[in-house]
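Please consult the sequence and the structure alongside each answer.

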Amino acid sequence: MSGVPSKDYRRQYAALMPELLPLLERTLLEEDPVLGGPLERFERDFADYLGARHAVGVGTGTDALVLALRALGVGPGDEVVTAANTFIATVTAILTVSARPVLVDPDPATMNVDAEGVRGALTERTKAVIPVHLYGRAAPMAAIGAVCAEAGVTVVEDAAQAHGARTDVEGRAGACGALGCFSFHPSKNLGAFGDGGLIALDDDDLADELRARRDLGKVGKHAVRYVGANSKLDTLQAALLGLKLPHLDEWNERRRAIAARYREALAGIGDLKLPDDPGGGRHVFHLFVVRTPGRDALRAFLKERGVKASLHYPIPPHLQDLADADLGYAAGDFPVAEEFARTVLSLPVAPELTDEEIGRVCAEVRSFFGAPA
Ligand SMILES: *Cc1c(COP(=O)(O)O)cnc(C)c1O
């Protein structure tokens, strides 16, 4: 029996190939390779999909966060609040603009930060809050938005794991805060064949500024207004993403169906904690992250049986040994995030996985815990 991968890009591309090859041919023969038609069309389509006025394509999700913070004027002496259990890139972006990351322990029930956590972290130096829709589950935007509005602090969403997720306010994840940052890294729910990123927003002036900032700060052919980045969403990636976007909702549905299957098959076995689905499309299961103190043994057991389960993330940002930055935190500062780091395990969830493969994962996990097949 062959194994169960955590995802399989080849299956996705094989299915898209009949449309993809002519699209690539058209793009190479007809279009401007930099900031051209395919990028403009994808930006329009993605903005419309989200319900945002503007979308600005950039080189990576990390750059999207960095440019968003820069455009807001966040810099030395400023604090930016975010989740203690996020992927390192959120923290890297804050450090890159020389601001201080102020971390918040997540709510154990949702694995996301909540409004109370955010409120407790605000100071007079707080310039922005970055809620992360971690694992694809929308953070509580209504409550976080209210806390931030009251404090006069800007909300920048890290929606890198939540393309298409609904939220508890109007607009999808990435279109509820002042700015929403996306990654199109191949592993994400909407992925390029390489790197890509995007900033969604409504503010016209800020959108102009971001378009300049991704292009060396240029506001005309030769005139430069900002110390910008050279970080544009690549034209071929934009064309590919435009081809994939109409499939995003059906792919997210498939992810939810796989999650529902796991929740049913794995409920109540051993000490395994499962993620819930808040419903209403608010979770797009970028990852299906379970928790158990026996994580390492379960992972090794699955590996022996050909099932690939991964770790997101085994070292929280505040415990990374950074050579060029000191976050000023120590072990014990974020007990919830630290417990997650020891106990999380991501079971395979990708639209292209078959029911048979998901069934095998369920059977192997049940067998590890000694539950009847
Ligand atoms: C992937 C990711 C990023 C960074 O995106 P890149 O395109 O890899 O730079 C940022 N935040 C979160 C939560 C992510 O998952």
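Q: How much space lies in the largest pocket?
A: The model is a predicted one. Its largest pocket is lined by 45 residues, and H185, P186, S187, K188 and H286 lie nearest the centre. Elements that give two or more residues to this lining include α1 (9–30), β6 (179–183) and α9 (248–266). The space in the largest pocket comes to about 660 Å³.

Q: How many charged residues does the lining of the largest pocket have?
A: By class, this lining has 19 nonpolar and 19 polar residues. The remaining class, charged, has 7.

Q: In which pocket does the ligand sit?
A: A molecule is assigned to a pocket if more than half of its atoms lie within 2 Å of the grid points of that pocket. By that criterion, the ligand sits in the largest pocket.

Q: Which elements give two or more residues to the shell around the ligand?
A: The shell comprises 13 residues, the closest being G61, T62, D158, S183 and K188. They divide into 4 nonpolar, 7 polar and 2 charged. Two elements give two or more residues to this shell: α3 (61–71) and α4 (88–96).

Q: What distance separates a polar side-chain atom of K188 from an oxygen atom of the ligand?
A: A polar contact requires N or O atoms within 3.5 Å. The backbone of G61 places a polar atom 2.8 Å from a ligand oxygen, and the side chain of D158 has a polar atom 2.7 Å from a ligand nitrogen. For the side chain of K188 and a ligand oxygen, the distance is 2.6 Å.

Q: What share of the area that the ligand exposes when taken alone does the protein bury?
A: Taken alone, the ligand exposes 380 Å². Of that area, the protein buries 93%.

Q: Which helix gives the most to the lining of the largest cavity?
A: The structure holds 1 cavity of 30 Å³ or more, and the largest cavity has a volume of about 70 Å³. Its lining includes N85, Y135, H312, A337, F340 and A341, and divides into 8 nonpolar, 3 polar and no charged residues. The element that gives the most, with 3 residues, is helix α11 (residues 335–343).

Q: Which elements give two or more residues to the lining of the second largest pocket?
A: About 190 Å³ of space lies in this pocket. Of its 13 lining residues, L23, T27, P38, R41 and A239 are the closest to the centre. The elements that give two or more residues are α1, α2 (37–50) and α8 (235–244).

Note on methods: Residues are numbered from 1 along each chain as its sequence is written. This is a predicted model: local features need pLDDT of at least 70, side-chain atom pairs count only at pLDDT 80 or more; totals for chains, interfaces and linings use all residues. Side-chain values use heavy atoms; hydrogens and water are left out. A residue is near a molecule or strand if one of its heavy atoms lies within 4 Å of it. A polar contact is a pair of N or O atoms within 3.5 Å; within protein, one must be able to donate a hydrogen and the other to accept it, and residues adjacent in sequence count only if both atoms are side-chain atoms. Accessible areas come from the Shrake-Rupley method with a 1.4 Å probe; for residues, only the protein chains shown count as cover. On a 1 Å grid over the protein atoms alone, a cavity is a set of points where a 1.4 Å probe fits but cannot get out, and a pocket is an open set with protein on both sides within 12 Å along at least five of seven lines; lining residues have an atom within 4 Å of a point. Helices (H or I, at least four residues) and strands (E, at least two) are DSSP runs, numbered from the N terminus. Ala, Val, Leu, Ile, Met, Phe, Trp, Tyr, Cys and Pro count as nonpolar, Asp, Glu, Lys and Arg as charged, and the others, Gly among them, as polar. Grid points are joined across faces, edges and corners, and a volume is the space filled by probe spheres set on the points.
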